[in-house]
Amino acid sequence: MKCDICGKEEVLPYKCNYCGGTFCSEHRLPEKHFCEGIYDIPVKVKKDWEIGRERSVTIQKPKVSISQYGYNNIFLGIITLMFFVSLIFPQIMNFLALYPDKFYYMPWQLVTSIFLHGSFDHYLVNAIVLLFFGGELERRLGSKRYLEIFFLSGIAGNFFYILFSFATNNFAPAVGASGALYGIMGALALIAPEIRVLLFFVIPVDIKTAILLFAAYNILMLPFTAFTGVAYIAHLGGLLVGLYYGKKYSIYRRFRLI
């Protein structure tokens, strides 16, 4: 057989375990035949036997993507960081929280308010829901669809709250990821109806029943928004977006995409 580099006839040729090529004794080593199947050999200037000049071989390392850590985990880290930052610098609430009567000249509030929370209880409950339900949705639908549902649900919830504020003439600022979380849970209710949750951390119910109960509660409490300080309308707005995407992607409910 002939050597793949110099064409020399060999009775007992050497076969490279990395690239599968056939070589003579002179070119049997990976660095002698410019082996493309191995990535841990030293990168040096090697002689190009075909054109008779020297060339430099560059080996590219695999690219690292932020999505490999999971966007849900990243969001969990962001809301945790922002909660403690808001405790140290409470004035950032004036800039990043959602003010319904000011959003048109501070539009970033539609997004930044999602990552802020007004109390430790508010943060803790949302963090627990995000940890379990957000991670499950991302595993089933993939990062791109998860991002779509998370942000559109959160932003839609904020828009619903703005409309409600103008309708009721109550312009109290709002913060929290609840709109996005209701969207996540709404999508999961249609994509994975077999999931069971612990209502109030005690009562086991299927996720569809839990969503119906949550929706009914938010509708009943809607007239008392000004007294409770909870943006129930934002929850319902996020839930509607989640249900829409849950219906759209329900074909994936039997599969778990990573």
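Contact here means heavy atoms within 4.5 Å. Helices (H or I, at least four residues) and strands (E, at least two) are DSSP runs, numbered from the N terminus. This is a predicted model, where local features need pLDDT of at least 70 and side-chain atom pairs count only at pLDDT 80 or more, while totals for chains, interfaces and linings use all residues. Residues are numbered from 1 along each chain as its sequence is written, and side-chain values use heavy atoms, with hydrogens and water left out.

**View 1. Helix α1 against α4.** On the α1 side (residues 71-88), Y71, N72, F75, L76, I79, T80 and F83 meet F120, Y123, A127, L130, L131, G134, G135 and E138 of α4. By class that makes ten nonpolar, four polar and one charged (Ala, Val, Leu, Ile, Met, Phe, Trp, Tyr, Cys and Pro count as nonpolar, Asp, Glu, Lys and Arg as charged, and the others, Gly among them, as polar). The two axes come within 9 Å and cross at roughly 170° (axes are lines fitted to C-alpha atoms, for helices over the stretch in contact, with angles from 0 to 180 degrees between N-to-C directions). So α1 and α4 are roughly antiparallel (angles over 145 degrees; under 35 is roughly parallel, 65 to 115 roughly perpendicular and the rest oblique).

**View 2. Helix α4 against α6.** Here the axes sit 9 Å apart at an angle of about 40°, so the pair is oblique. Residues in this contact include F133 and L137 from α4, and L181 and M185 from α6. The tally is eleven nonpolar, four polar and two charged. The crossing is left-handed (the near helix is turned anticlockwise from the far one by less than a right angle; clockwise would be right-handed).

**View 3. Helix α5 against α6.** Y146, I149, F150, S153 and G154 of α5 touch G179, A180, G183, I184 and A187 of α6. Six of these residues are nonpolar, four polar and none charged. The axes come within 7 Å and cross at roughly 130°, and this crossing is right-handed.

**View 4. The largest pocket.** Its volume is about 1,300 Å³ (the space filled by probe spheres set on grid points, which are joined across faces, edges and corners). A pocket is an open set of points on a 1 Å grid over the protein atoms alone, where a 1.4 Å probe fits, with protein on both sides within 12 Å along at least five of seven lines; lining residues have an atom within 4 Å of a point. Of its 46 lining residues, V125, N126, S178, Y182 and H235 lie nearest the centre. Helix α4 gives the most, with eight residues. The lining divides into 30 nonpolar, 14 polar and two charged.
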